[in-house]
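Please open the model in the viewer and keep the selection panel at hand.

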Amino acid sequence: MSTYRVIHAGTSRSFPDAHPFLEGAQPDGDAFVFLGEHAGAAFIDNTPPGDAPFIAIELGTECLGEHTGESRGEEGCNIVGFARYRLGSAEPTALVELVRQPRTTPEALAAARTAFEAAGLVVAVCNDFPGRIVDRLVRPYFNAALRRLDEKLATADDLDKTLMLGLGYPEGPIALLERTGLEHHHDVTRALYDALGQEAYAPARRAQVARRRALRDAE
Amino acid sequence: MNEIRTVGIAGCGTMGAGIAIVAARAGFRTRIHDTRAEAIEKARTQTEAFLRKSVERGKLAPGKLPEVMAAWTGTTKLEDLADCDIVIEAVFEDLAVKHELFAQLDAVCPAHTIFASNTSTISITEIAGGSGRADRFVGMHFCLPAQLMKLVEMSPGINTTEATFETAWRFCEALGQKPVRTQDSPGFILNYFLIPFNNDAIRLVEQGVAEPADIDLAIKTALGYPMGPLELLDLVGMDTQRLLCEAMHGLTHEPRAACPPLVKRMIAAGHLGKKTGRGFHAYGDTKMFGA
Ligand SMILES: NC(=O)c1ccc[n+]([C@@H]2O[C@H](COP(=O)([O-])OP(=O)(O)OC[C@H]3O[C@@H](n4cnc5c(N)ncnc54)[C@H](O)[C@@H]3O)[C@@H](O)[C@H]2O)c1
């Protein structure tokens with residue numbers, strides 16, 4: 001397994017607290033992990049050597065291409081993007097979405113995967129699209145649940161109960177969104193709606209209300 | 001307020017047979033009707049086998065098996081449902097077929113008999129409109145396999161009286177099921193959310209966002225779902241997903257409900273899902289779950 005060093009650049013949504021992945025880092029590690037909300041900028045400021053086993057940049061809602069540049073659909077080298085999946089204010093989950101580009105080398109992808117898996121994380125690889133896998137897939141469903149609640153399809157409890165009993169989900173969408181912060185759902189869907197332009201991603205009314213209230217409370 | 005003692009089930013296919021197990025197991029006199037004698041024979045054999053398995057697994061007391069089978073009667077004669085307090089319809093998903101059946105039932109059953117439909121995609125109000133008793137009509141949507149799944153989505157039609165709905169609701173609880181109340185709206189709750197969600201997962205594959213295995217793994221790990229959407233679709237089958245999309249999209253015209261082109265290509269290629277050994281994933285064994 002390649003050794004890796006961690007470059008901190010602001011608050012990290014993926015690793016807010018101590019974690020075996022951070023403990024496994026070495027100051028002179030061969031691979032580079034840029035962590036935090038400014039990870040992309042930190043990568044631009046001190047571009048690591050081209051022969052590093054891998055370079056991993058923590059992503060927010062942006063695409064990896066914003067940091068690496070893109071051309072002709074042939075971009076990609078030893079650089080990957082990543083984010084641990086985390087809903088709003090909930091703890092990060094074990095899932096790491098590992099982002100590749102068309103020409104990302106299999107060696108860099110495998111080396112990054114090994115480093116995350118060695119720390120007990122679960123890796124799913126995806127291409128460089130807005131929302132990656134999970135947000136891309138669940139946000140329209142969450143929006144629909146919020147909209148249908150407004151339309152009185154059923155009570156919040158019955159909506160949640162149906163999805164839990166019918167599909168074995170551990171928690172229904174309304175309880176899950178209210179627990180983890182509807183305002184966060186607003187922020188993610190706003191970014192996805194800007195990026196994808198599809199109505200299904202437009203922030204639901206309840207999420208807009210929650211975001212405005214959170215802003216007002218912060219003033 | 002009438003009390004429900006005798007339950008009729010019309011249509012002895014996948015769903016009707018399962019619902020009949022639920023009713024007989026809960027102690028109701030259960031009469032199951034189908035126009036095809038072979039459907040009834042098949043259901044009787046499968047019901048006995050299912051109950052024997054339940055006994056083996058400790059889910060049913062051994063002495064209960066003969067009791068449940070004694071409560072279960074199959075018939076090809078619709079008139080045999082004449083003493084039922086409620087009739088749950090589970091025939092083909094076709095409004096004309098359902099209307100014809102209910103018109104006949106209306107002539108056979110006494111006035112107090114409540115009619116219920118297990119339809120997945122047709123409006124309860126529309127079916128009730130041709131039943132001769134729209135005020136005593138409810139939607140009772142069970143999940144597959146009905147004998148194992150507790151959820152029942154219950155919906156009143158526009159003309160359903162609150163008393164009818166309450167009686168049906170209490171009956172549903174007496175079955176040992178877990179009812180939820182939903183509007184009479186396409187797909188009720190579960191299918192309204194599930195069909196487009198599954199389509200979105202297919203579109204992720206179509207657009208090259210990720211491989212099926214990564215999509216399923218990501219969803220299960222991030223959200224704790226017991227199954228990934230593409231694994232679930234392999235069980236549902238692409239042919240069924242296509243029919244569900246056509247029904248839902250035809251009613252709602254919502255873009256997410258439209259059948260993704262990849263589904264049609266997979267059907268053409270014979271990749272229907274687990275039953276053909278290949279769908280989004282490859283399978284060595286084509287056996288399906290359930291009884
Ligand atoms: N299969 C599912 O997953 C599922 C889930 C929930 C609800 N449903 C709904 O349940 C209903 C039945 O679905 P299924 O999958 O059990 O279908 P199925 O094809 O397995 O069974 C239908 C049965 O109805 C019988 N039948 C047809 N016309 C009849 C009539 N006039 N009188 C008596 N019997 C008649 C047929 O012989 C057949 O045995 C449909 O309305 C469907 O939308 C299906």
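Across the interface of domain 1 and domain 2 of chain A, the rule finds 0 salt bridges, a salt bridge being a side-chain nitrogen of Lys or Arg within 4 Å of a carboxyl oxygen of Asp or Glu. The contact takes 6 residues from domain 1 of chain A and 10 residues from domain 2 of chain A, where contact means heavy atoms within 4.5 Å.

This is a predicted model, in which local features need pLDDT of at least 70, side-chain atom pairs count only at pLDDT 80 or more, and totals for chains, interfaces and linings use all residues. Residues are numbered from 1 along each chain as its sequence is written, chains are lettered from A and ligands numbered from 1 in the order in which they are written, and side-chain values use heavy atoms, with hydrogens and water left out.

Next, colour Thr61(A), Tyr85(A) and Leu87(A). The area buried between the two domains of chain A is about 620 Å², of which carbon and sulfur atoms give 61%; buried area is the accessible area (1.4 Å probe) that two parts lose on being put together, summed over both. In domain 1 of chain A, Thr61(A), Tyr85(A) and Leu87(A) lose the most area to domain 2, together 61% of what that side buries. The count between these domains of chain A is 3 residue pairs in polar contact, both residues at pLDDT 80 or more. A polar contact is a pair of N or O atoms within 3.5 Å; within protein, one must be able to donate a hydrogen and the other to accept it, and residues adjacent in sequence count only if both atoms are side-chain atoms.

Turn now to chain B, and select residues 6-181 as domain 1 and residues 190-276 as domain 2. Their contact takes 6 residues from domain 1 of chain B and 4 residues from domain 2 of chain B. Which three residues of domain 1 of chain B supply 75% of the area that it buries against domain 2 of chain B? They are Ser120(B), Thr121(B) and Glu153(B). Between these domains of chain B, about 400 Å² is buried, with 65% from carbon and sulfur atoms. The count of salt bridges between them is 0, and 1 residue pair is in polar contact, both residues at pLDDT 80 or more.

Then show both chains together. In this view, 41 residues of chain A are in contact with 39 residues of chain B. Chain A and chain B bury about 3,400 Å² between them, 71% of it on carbon and sulfur atoms. Between the chains there are 0 salt bridges and 10 residue pairs in polar contact, both residues at pLDDT 80 or more.

Finally, select Tyr141(A), Ala144(A), Arg147(A), Tyr192(B), Phe193(B), Pro196(B), Glu254(B) and Arg256(B), which line the largest cavity. On a 1 Å grid over the protein atoms alone, a cavity is a set of points where a 1.4 Å probe fits but cannot get out, and lining residues have an atom within 4 Å of a point. About 40 Å³ of space lies in the largest cavity, a volume being the space filled by probe spheres set on the points.

Conventions. Domain bounds come from an automatic or database domain assignment. On a 1 Å grid over the protein atoms alone, a cavity is a set of points where a 1.4 Å probe fits but cannot get out, and a pocket is an open set with protein on both sides within 12 Å along at least five of seven lines; lining residues have an atom within 4 Å of a point.
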